[in-house]
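The structure is shown first, and the description follows.

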Amino acid sequence: MVKKQLLHTEILEDSTLWNSLKEGNENAFSILFKRHYAHLVRYGNSFLPFPEKVQDCVQDVFTDIWIYRDKLHDKVVVKAYLLACVRKRITRSQERDRIFRLSSSIDTVEFLFDFSIEHDLISDETTASKVSHLNHLINDLPSRQKEALYLRYNQELTVDQIADTLDINYQSANNLLHRALLSLRKEWKGNIFFILVLFSFAF
């Protein structure tokens with residue numbers, strides 16, 4: 001039944017594919033890889049300015065998943081799990097290659113992603129000016145706050161999933177989001193709803 005469903009990949013949930021992958025279904029593995037590869041590479045590029053190394057890290061994550069599939073947990077949020085795995089893999093890569101200072105803590109990873117809300121979506125000069133200012137405010141936030149916003153509004157993770165990805169507790173993740181939005185609201189002097197709507201267009 002599952003094999004037949006795999007022919008209709010657009011209607012399959014990640015959880016269905018995950019369970020099928022755990023049972024050794026190569027097609028399910030391939031679908032998950034294609035579905036998540038691009039955004040995992042984009043996330044990885046936010047930590048490491050070496051695209052080929054990032055791609056290697058993402059591919060290593062999927063390789064390990066396939067090799068150790070029988071040891072994977074049944075109930076995971078696949079997207080959040082993959083993001084966390086890529087983050088940890090890049091941390092180990094940085095330590096091994098001595099690109100950054102040696103550390104055993106994932107907290108040393110700096111989120112380098114620059115938010116850039118698409119100006120093509122802006123219909124008038126006044127709004128475009130506001131968007132440019134907002135980009136500047138977001139990119140001036142501390143690294144962890146910016147990463148939390150990215151995970152929440154670009155990757156659409158819940159606070160629980162953000163906590164898992166960043167390897168922190170729920171309250172810490174919630175605090176990161178709260179402080180980031182509080183800082184933006186303080187500097188923005190405008191409608192906070194405008195910020196939240198535009199986040200969905202930031203890449």
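## The end of helix H8

In this predicted model, helix H8 is followed by Asp167, a residue with a positive phi near 60°. Helix H8 itself spans residues 159-166.

H8 is mostly covered, with six of its eight residues buried. The buried residues of H8 are Val159, Gln161, Ile162, Ala163, Thr165 and Leu166.

## Packing of H7 against H8

Two packed helices are described by the angle between their axes and the distance between the axes. Helix H7 (residues 143-154) packs with helix H8 at an angle of about 130°, and their axes lie 10 Å apart. H7 is therefore oblique to H8. The crossing of the two helices, H7 and H8, is right-handed.

On the H7 side, the contact is made by Arg144, Glu147, Ala148, Leu151 and Arg152; H8 contributes Ile162, Thr165 and Leu166. Sorted by class, the residues in this contact of H7 with H8 are four nonpolar, one polar and three charged. Ile162, Thr165 and Leu166 are also listed among the buried residues of H8.

Elsewhere in the model, His36 is part of helix H3, which covers residues 26-45. His36 counts as buried because its relative accessibility is 4%, against a cut-off of under 20%.

The side chain of His36 forms a polar contact with the side chain of Asp14, at 2.9 Å. When neighbours within four places in sequence are left aside, the residues in contact with His36 are Asp14, Phe62, Val78, Lys79 and Leu82.

Technical notes
Residues numbered from 1 in each chain as written. Predicted model: local features only at pLDDT ≥ 70, side-chain atom pairs only at ≥ 80, totals over all residues. Heavy atoms only, no water. Axes fitted to C-alpha atoms, helices over the stretch in contact; angles between N-to-C directions. Helix = DSSP H or I, 4+ residues; strand = E, 2+ residues; numbered from the N terminus. Parallel < 35°, antiparallel > 145°, perpendicular 65-115°, else oblique. Left-handed = near helix turned anticlockwise from the far one by under 90°. Contact = heavy atoms within 4.5 Å. Nonpolar A, V, L, I, M, F, W, Y, C, P; charged D, E, K, R; others polar. Buried < 20%, exposed > 50% of the residue type's maximum accessible area, 1.4 Å probe, protein only. Polar contact = N/O pair within 3.5 Å; in protein donor to acceptor, adjacent residues only side chain to side chain.
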